[in-house]
Amino acid sequence: MISTRFVLKRLLLLVPVLVGVASLVFSILHLSPGDPALTIAGERASEEFVRQVEESLGLNDPIWVQYGRFLADAAQFQFGESFIIQRNTTVREVLANKLPVTLELALYGQLIGISLGIPLGILSAVKQDSITDHLTRIGALAGISVPIFWSGPLLILLFAQVLGLLPTSGRISVLYNVEAIRVTGLVTIDTLIAGELDMFVSAVRHMILPASVIGVYSMALISRMMRSSMLEVIRQDYMRTARAKGQGSKITVLKHGFRNAMIPVITVIGIQFGGLLGGAVLTETVFAIGGIGTLLVEAIKVGDYPIVQGTVLTFAFLFTLVNLGVDITYSILDPRIEQ
Amino acid sequence: MSQDGNSLSRRRFLSAAGTATATAALAGCTGGNGDETTTEETTDGGETTTEDDSGGNGDSPSVLRYGRGSHSPTLDFQNSTSGEVAKVTEQLYDTLINFEPGKSTLTQGLATEYTLEGTTASITLREGVMFHNGEEFTAQDFVATYRRFVDSDYENYAGDDYVSAYGPFTLGSWIDEIQVDGDYSMTIELTQTYAPFLRNLAMFAAAVHSQAAIEEYGTELSSNPVGTGPFQLSNLDDANELIRLEANSDYWGDGPNVDEVVFVTIGQNSTRAQSLASGELDITDGLGAQSSVQVENASNAELVRTEGINIGYMAFNMASVEEFRDRRVRQAISHAINTEAIVNEIYSGFATQASQPLPPNVLGHNDDLDPYPYDPDEAQRLLEEAGYGDGFSFELATFQNPRGYNPSPIQTAETVRSNLGDIGIEVEINQQSFGPFLEYTAQGRHDACFLGWYTDNADPDNFMYVLLHPQVEEGELTDGQDWVSFDAEGYNTSNRSGWANSEYMDLVEQGQSAYDEAERESLYNEANQIAHDEAPWVYLDYADELRGVSNRVSGFQIAAISGPYLNLVSLN
């Protein structure tokens with residue numbers, strides 16, 4: 001059982017982490033060169049106009065005033081309005097739009113990764129040094145090594161251009177108005193809720209390539225970790241005992257071994273998923289899925305401070321939350337960890 | 001909006017519950033059921049339109065899909081200087097005066113007559129034009145729009161943190177007073193004689209909001225546009241970076257010939273080109289050299305190109321580098337840099353070599369001028385004559401990301417370094433991202449820098465005065481010296497050279513206030529001759545405008561200024 005105390009302790013630890021991240025982001029942004037007022041005002045602006053912008057946004061206040069304001073706002077999850085990317089729209093609103101995009105991609109990618117990676121890893125461990133094992137390991141190595149900016153366009157070329165089976169980019173056919181049926185922001189779910197089957201099919205077809213690209217990479221990592229962890233567990237005394245007691249190898253592996261072998265695998269899944277929530281920038285770029293990662297990169301490029309601060313903090317928050325989830329899962333798998 | 005969406009989806013969910021979801025998920029892929037559902041939903045759903053994925057068959061609406069690299073940060077032309085905003089607002093809004101599609105000449109817009117004499121512009125407005133909200137367009141709308149943009153005393157002023165720099169740049173700095181004579185006539189009094197004024201009225205930033213909408217929405221106009229244009233907003237989807245427009249059947253002008261337009265954002269050029277080739281887009285812009293070749297090779301689309309109204313250059317900062325104050329040094333460097341190779345090899349021929357500040361197709365471009373030929377020997381001779389035969393060194397500041405007029409800044413800088421190395425000049429490249437780069441160079445901290453300019457209004461003044469005139473008071477200038485410090489009071493930092501050539505300044509000042517076209521042409525011809533000979537910049541290139549257009553599109557007119565004219569486009 002998980003004690004509330006354990007969870008509370010973990011949650012409290014979030015506070016210093018987030019304050020640290022917030023301060024770091026703030027300092028990096030304000031130490032880096034570039035005047036945001038000038039960027040907002042643009043090349044056509046006179047000096048006077050730039051100063052006017054600076055003043056209206058409080059960018060001419062002393063740095064510690066800006067810092068205090070930022071911390072106070074951040075505590076309420078307010079980051080002000082976007083300077084450039086979505087002019088005069090609150091960062092909260094921008095994030096609310098973009099987070100589901102990233103979440104959906106991460107979920108499907110990870111789903112593919114887990115559902116292929118774990119069975120392959122187990123298979124590989126059980127049949128150690130067999131042809132299956134070698135093939136799986138080569139596959140996994142390739143999955144990790146092939147860069148997405150190469151495999152992505154290649155997949156587009158094959159499935160969209162040559163075979164014409166799947167669309168090249170986006171989340172759903174642009175002919176469909178998904179905004180009007182928005183509930184969760186996840187298009188595959190929203191289209192189902194609305195009962196729009198054509199739209200659902202379109203959303204799924206658009207998801208296949210990007211989710212697979214992420215999934216293959218995840219699968220590779222997960223299966224490698226599963227294999228080595230399982231191999232280690234198989235050699236444990238209790239496994240030998242179980243076999244000696246006459247239990248079949250399938251049952252020993254799945255019942256006694258699986259649970260214990262999962263601990264390092266859960267770590268990998270947690271870190272990966274946390275990372276994916278920060279945006280799979282390359283995949284998003286190649287498939288033109290504007291998620292939170294692309295947003296952050298754009299915001300850094302153009303100097304949209306509020307968006308950068310809001311996005312990084314949200315990412316840090318989600319990442320630590322996922323890690324909390326991982327910790328809780330540990331303690332379910334192995335109650336000793338909680339002590 | 002989202003509340004509507006919620007109630008809609010609940011209703012739909014209930015109607016689809018039971019048999020639909022699970023069983024139809026298996027059967028639905030065949031399509032028959034789906035079509036039926038679509039028709040039903042559309043009639044009771046009202047605002048939701050769903051179409052067949054194929055996009056162009058008989059009874060489904062015709063949808064034009066326009067691909068581009070970035071989403072619009074706003075739908076209000078007063079809220080941003082971004083070209084991505086202009087592309088969409090040009091469809092939603094009208095200006096008093098228009099550019100003729102594909103040309104840089106002016107034609108009627110919401111104004112049917114317009115004259116500029118002295119400091120007075122007289123404008124007669126078109127009658128019977130309706131805004132998308134059903135209000136009739138009158139002179140009061142223009143006044144409210146103008147005041148919302150520049151007048152901080154106006155109750156509906158959009159705010160210092162909202163309005164874009166085009167407020168003063170296009171209108172505010174030049175307009176003294178607007179007098180309305182009835183609903184369809186007005187007189188604009190200018191602060192000085194200013195020849196480009198009518199062209200400024202044709203810029204996207206000078207479009208007209210509805211006064212009723214200004215009062216109703218305030219700064220929320222950025223997502224609730226109400227214009228008189230050929231299309232009106234049907235849906236802004238920031239999550240998926242899509243903007244959906246529907247035809248305005250009451251449009252006063254030509255077209256529109258399609259039922260809907262969707263602006264689609266695909267950041268990566270190659271993916272966008274592939275989407276065009278696979279039939280998922282009808283028109284795309286923002287193509288680089290590589291993706292242009294992709295489009296050229298596509299069987300179902302073609303690459304359309306025209307000469308752009310822009311310039312890419314390298315500015316010598318005479319205020320900070322003593323060597324650059326000698327004309328012979330600037331000329332030597334102009335001869336030493338192989339701009340022909342830069343344009344043909346690095347920019348893959350999607351640009352032409354520049355010879356002067358003003359690009360072709362703009363009044364006053366001097367056809368007699370040729371680009372400086374690549375001639376290292378002549379360069380060496382000029383350097384020696386100037387007393388710098390042993391060379392010297394300077395820092396070249398450049399931005400890192402491609403810009404239209406300089407698609408490969410780093411490679412271009414490397415070429416400059418290597419070319420100048422041949423004549424003994426040592427170049428150190430200082431590369432920065434665009435924001436910090438602009439700040440660095442606007443403060444005059446560079447020795448030399450790359451930069452460029454896309455026209456706002458296709459007027460010679462927009463290049464010659466804006467980019468090479470120091471715009472300081474007489475007292476700040478020193479007699480017999482053709483440069484001025486960046487610290488001078490009121491200095492125009494868009495002039496990244498610190499150049500202050502009095503003869504040139506006289507000519508462009510006269511050009512700014514002369515209204516006779518022939519006179520202006522000769523003034524700017526002469527000013528260009530001076531700028532060519534004095535070489536405050538190394539003139540690099542005029543970049544082409546490139547668009548990928550699907551074969552199913554007809555009537556598309558590529559334009560170097562304003563547009564895209566999607567009201568003229570139809571789908572086969």
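**Close-up views of a predicted complex**

**View 1. Pro564(B) sits in the loop between strand S19 (553-554) and strand S20 (570-571) of chain B.** In this predicted model, the peptide bond that leads from Gly563(B) into Pro564(B) is cis, and its omega is near 5°.

**View 2. A cis peptide bond joins Gly255(B) to Pro256(B).** Here omega is about -5°. Look for Pro256(B) in the loop that runs between strand S9 (242-247) and strand S10 (260-265) of chain B.

**View 3. Gln471(B) has a positive phi, near 60°, without being a glycine.** The loop between helix H16 (461-468) and helix H17 (502-513) of chain B holds Gln471(B). With 19 other C-beta atoms within 10 Å, Gln471(B) is partly exposed, because buried would take 20 or more.

**View 4. Ala288(A) is a non-glycine residue with a positive phi of about 50°.** In chain A, Ala288(A) falls in the loop between helix H12 (281-286) and helix H13 (292-302). Ala288(A) is buried, since 24 other C-beta atoms lie within 10 Å.

**View 5. Residues 107-471 of chain B carry the UniProt feature "domain: Solute-binding protein family", from an unreviewed entry.** This span is 29% helix and 24% strand, and its end C-alpha atoms are 31 Å apart.

**View 6. Chain B averages a pLDDT of 88, with 90% of its residues scoring at least 70.** Over residues 1-58 of chain B, though, the pLDDT is below 50, and this stretch has 68 contacts in the model beyond near neighbours in sequence.

How values were computed: Residues numbered from 1 in each chain as written. Chains lettered and ligands numbered in written order. Predicted model: local features only at pLDDT ≥ 70, side-chain atom pairs only at ≥ 80, totals over all residues. pLDDT = per-residue confidence, 0-100. Contact = placed C-beta atoms within 7 Å. UniProt positions renumbered as here; feature names shortened; annotations may be inferred. Helix = DSSP H or I, 4+ residues; strand = E, 2+ residues; numbered from the N terminus. Buried ≥ 20, exposed ≤ 12 C-beta atoms within 10 Å, placed from the backbone.
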